[in-house]
Each structure stands twice: as C-alpha cells, then as structure tokens.
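Hi,

Here is the structure I said I would pass on.

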Amino acid sequence: VYRTAFDEDGFLTFEPLNGIAPRHGEPLGFFETARKAYAALWKEEFSGIACRELMPRFAGELPVLHNDLAGLQGLIDLTRAGVQTVDQLAAVIRDIKSPPRLLSEIDQKLQFIDKELESVSLAYPMTGALVRIFIMEKENMRGDDPLMLAEQTKVLYLQLERRCRRFWQLFVHFAGKYMEGGAR
C-alpha cells in the first residue's frame, strides 16, 4: 500500500505505508530500487534535475548486478552497433556514386538492431522503459534531409547508451539504500 507524497523537487512520489517486501522472487527492495533509479533518471532527462548524491563510476562493461539488469550491457552493445551502422549510412549518403542497394542493406541492419533492442527489453523487462523512450523518440523524428536524420538517429543511439549507463549507476546507488544486501 502506498500513499502519495511530493519529493524534495516537488514531483509526485509514492511512499510505501507497510514497508517493502520481496515480490515475484526478487530480493527485498528490488522494485523500490528500480523505481527510485528510474524516477531519478527521468527527472534528470526531462527536467534537468540531477541526482544530488554521489554515484558509483564504472568504465568499460557493466558488471551484472542482478539478472534483470544483465540486458543493460546487451543494450549498450547494440547502441554501439547502431552508431557504427548510422555512420556507414551517412558515408553512403554522402557518396553520390554509392549503389542504391547499399542504402537498403544498411536500413535492414538498422531495423535488425532496433528489433534486437526490443527483444532485449522484453527478455529483461527492467530495461523496457529505456528502450521504449528510444523507440518513441526515433518514431518522432521529422525532416527531409537524410544526413540530418542520420545524425539525429546517431544521437538517439548515443542517448540510449548514456541512459543505460546512468540507470546502472542510479540502480547501484539506490540498491545500497533499499535492497537487502545491496545489488545481486
């Protein structure tokens, strides 16, 4: 049972009245940790309000903290493939001598990458919101300049990678506060 309240930034929040309990076989506090991590991420992304607390830093591949977060590294790998493929697309667009079939092949690669992103988000539901936002942003792109659209697409892949890494940081941070024994 939750009661509505407002956080220190004036955003609606839900506070558990009867404490937190393990659900669906997850450790105590897992969903609360994820909820807090997403709330902080979306406040940063859409309101520009940075989390005021110190965050863990990690370069390279993300350690698997919990099975439900294992998909984050897969998403990051796919975003990198997306960036490389968009760079190939931009090169083909710039080269007026490129055969038209290359555009089709690259478009098929991008469609495959996007389908794989969705597959990962379905296999690891905790990552679903990250991919859903990416898909909505990509569907809302408008324009008729192919190079500009390619650059916007590249930016979206890079944003998804950054969001995955930031969600991981926030999850690790909040796991120390809400999860029994921290992240696993």
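**The largest pocket**

H1 contributes the most to the lining of the largest pocket, five residues in total. Helices (H or I, at least four residues) and strands (E, at least two) are DSSP runs, numbered from the N terminus. Before you dig in: this is a predicted model, so local features need pLDDT of at least 70 and side-chain atom pairs pLDDT 80 or more, while totals for chains, interfaces and linings use all residues. Residues count from 1 along each chain as its sequence is written, and side-chain values use heavy atoms, without hydrogens and water.

The pocket holds about 480 Å³. Of its 21 lining residues, Asp7, Lys36, Ala39, Ala40 and Lys43 are the closest to the centre. Helix H1 (30-47), strand E2 (12-16) and helix H5 (146-178) each supply at least two lining residues. By type, the lining splits into 10 nonpolar, one polar and 10 charged (Ala, Val, Leu, Ile, Met, Phe, Trp, Tyr, Cys and Pro count as nonpolar, Asp, Glu, Lys and Arg as charged, the others, Gly among them, as polar).

On the pocket criteria: on a 1 Å grid over the protein atoms alone, a pocket is an open set of points where a 1.4 Å probe fits, with protein on both sides within 12 Å along at least five of seven lines, and lining residues have an atom within 4 Å of a point. The volume is the space filled by probe spheres set on the points.

**H3 against H4**

The axes (lines fitted to C-alpha atoms over the stretch in contact, angles from 0 to 180 degrees between N-to-C directions) of H3 (residues 100-123) and H4 (residues 128-139) come within 8 Å and cross at roughly 150 degrees. The two are therefore roughly antiparallel (over 145 degrees).

Cheers

Note on methods
Angles under 35 degrees count as roughly parallel, over 145 as roughly antiparallel, 65 to 115 as roughly perpendicular and the rest as oblique.
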